[in-house]
Amino acid sequence: MLRLVTILLPLALCACTSTNRPVPVALRGAAAPSPVAVQSDTAAPPTASPEGDPAAETDAPPPPGTPSDRSLFLTVGPGAAPQFEGASSYQLIPFTVVRFRDGGFAFESEGLEGRFDLVPPSWNTGWGFGPSFAFRLPRRDTGDATIDALDSVGTAFEVGGFARYIAKPGWLGQDSWETRMTVTGDTTGAHNGVVAQLDSDYAWFPKRNIRLSFGLRASWAANQFMNTYFQVTPEGAARSGLAPYDPEPGLRNVGAQASILFLFNPNHGVFALVRYDQLVDEVANSPIVRDVGSAEQWLVGAGYSYRF
């Protein structure tokens with residue numbers, strides 16, 4: 001019996017000692033899958049962020065010159081705008097939205113307004129500035145005998161500049177807040193005046209394929225602009241029957257706008273915009289607005305969107 005114990009005891013001690021030894025590398029690799037392999041199997045595949053607007057781009061820019069550093073967003077469709085400044089009647093217009101970006105240059109247009117951002121904010125955060133332009137519809141052959149008795153006004157093409165600041169507050173996830181000041185002056189002799197406009201817009205993505213935007217706006221107009229569109233001279237009063245009126249320069253309108261972009265996929269979607277402006281003060285008191293037209297001015301547009 002003692003002899004059996006002396007034989008079994010060393011064997012038991014050897015077995016216990018072997019359980020505390022480290023597992024050979026080859027056996028470890030066979031016993032458990034590599035952590036890298038597990039991670040690659042369970043990680044979610046990357047998805048493209050819906051773009052087409054500066055607010056939609058991600059915070060991490062690609063290296064300059066890469067294909068993703070160049071983009072074009074285009075919307076084309078019908079729109080409606082007042083027939084002239086202060087009109088109560090509306091006319092169909094082509095409605096377009098263009099946003100083009102190529103490295104350190106950006107171009108944006110929406111409806112009858114546009115701008116070239118020569119120093120765009122660093123990946124859409126920070127300051128930007130550059131030249132801007134705007135078209136203003138003519139006032140002639142309106143079909144209203146009272147308005148047509150006044151002096152006609154041609155199409156105005158205004159040129160100027162803008163400065164803006166874009167922030168990403170993160171209030172609702174992927175969002176942006178842009179404040180922009182624009183000053184333009186007529187170059188065609190239609191009104192020979194100056195208009196200053198302040199816009200502030202907040203945009204966010206409630207879903208990856210839906211972008212919502214809401215903004216406030218106001219504009220100020222110089223004397224020449226006011227006289228061209230809202231003055232009633234004694235001669236014009238005699239022809240039209242409206243009371244003579246001589247407006248002063250000042251606040252022209254306050255308003256708001258909202259838009260929605262719905263993407264079917266990263267390249268195709270639909271875009272719609274509604275803008276409301278309330279003419280105020282000297283403008284709203286003009287007989288052209290008060291007696292014939294309307295102080296409530298709407299612009300609407302919708303179209304098919306494509307992102308290149």
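**Entry 1: burial and arginine 99**

I call a residue buried when its relative accessible area is under 20%, exposed when it is over 50%, and partly exposed in between, using a 1.4 Å probe and protein chains only. Arginine 99 counts as buried because its relative accessibility is 15%. I noted that the model is predicted, so local features need pLDDT of at least 70 and side-chain atom pairs pLDDT 80 or more, while totals for chains, interfaces and linings use all residues. Residues are numbered from 1 along each chain as its sequence is written, and side-chain values use heavy atoms, with hydrogens and water left out.

I found arginine 99 in strand β2 (residues 90-102). Strands (E, at least two residues) and helices (H or I, at least four) are DSSP runs, numbered from the N terminus.

**Entry 2: salt bridges**

I took a salt bridge to be a side-chain nitrogen of Lys or Arg within 4 Å of a carboxyl oxygen of Asp or Glu. By this rule I have 17 salt bridges.

Glutamate 110 forms one with arginine 99, and their closest N and O atoms are 3.3 Å apart. Glutamate 110 lies in strand β3 (residues 105-110) and arginine 99 in strand β2, so the pair ties together parts that are 11 residues apart in sequence. I noted that glutamate 110 and arginine 99 are both buried.

Next I looked up aspartate 199, which forms a salt bridge with arginine 217, the closest N and O atoms being 3.4 Å apart. This pair links distant parts of the chain, with aspartate 199 in strand β8 and arginine 217 in strand β9 (residues 210-221), 18 residues apart. Aspartate 199 counts as buried because its relative accessibility is 4%. Arginine 217 is buried as well, with a relative accessible area of 7%.

Arginine 290 is partly exposed because its relative accessibility is 47%. Aspartate 291 is also partly exposed, at 46%. I then found one network, in which salt bridges that share partners join Glu108, Arg115, Asp117, Arg164, Glu178, Arg180, Asp199, Arg217 and Asp277.

**Entry 3: cavities**

On a 1 Å grid over the protein atoms alone, a cavity is a set of points where a 1.4 Å probe fits but cannot get out, and lining residues have an atom within 4 Å of a point. I counted four cavities of 30 Å³ or more. The largest cavity holds about 560 Å³ of space, a volume being the space filled by probe spheres set on the points, which are joined across faces, edges and corners. The largest cavity is lined by 31 residues, and Glu85, Glu113, Arg136, Arg217 and Arg252 are the closest to its centre. Strand β5 gives the largest share of this lining, five residues. Among the other strands that supply at least two residues each are β1 (70-82), β4 (113-117) and β11 (268-279).

**Entry 4: two loop residues**

I noted a positive phi of about 50° at aspartate 141, although this residue is not a glycine. Aspartate 141 sits in the loop between β5 (126-136) and α4 (145-148). Aspartate 141 counts as exposed because its relative accessibility is 69%. Asparagine 192, another residue other than glycine, has a positive phi near 55°. I found asparagine 192 in the loop between β7 (175-186) and β8 (194-207).

Methods. On a 1 Å grid over the protein atoms alone, a cavity is a set of points where a 1.4 Å probe fits but cannot get out, and a pocket is an open set with protein on both sides within 12 Å along at least five of seven lines; lining residues have an atom within 4 Å of a point.
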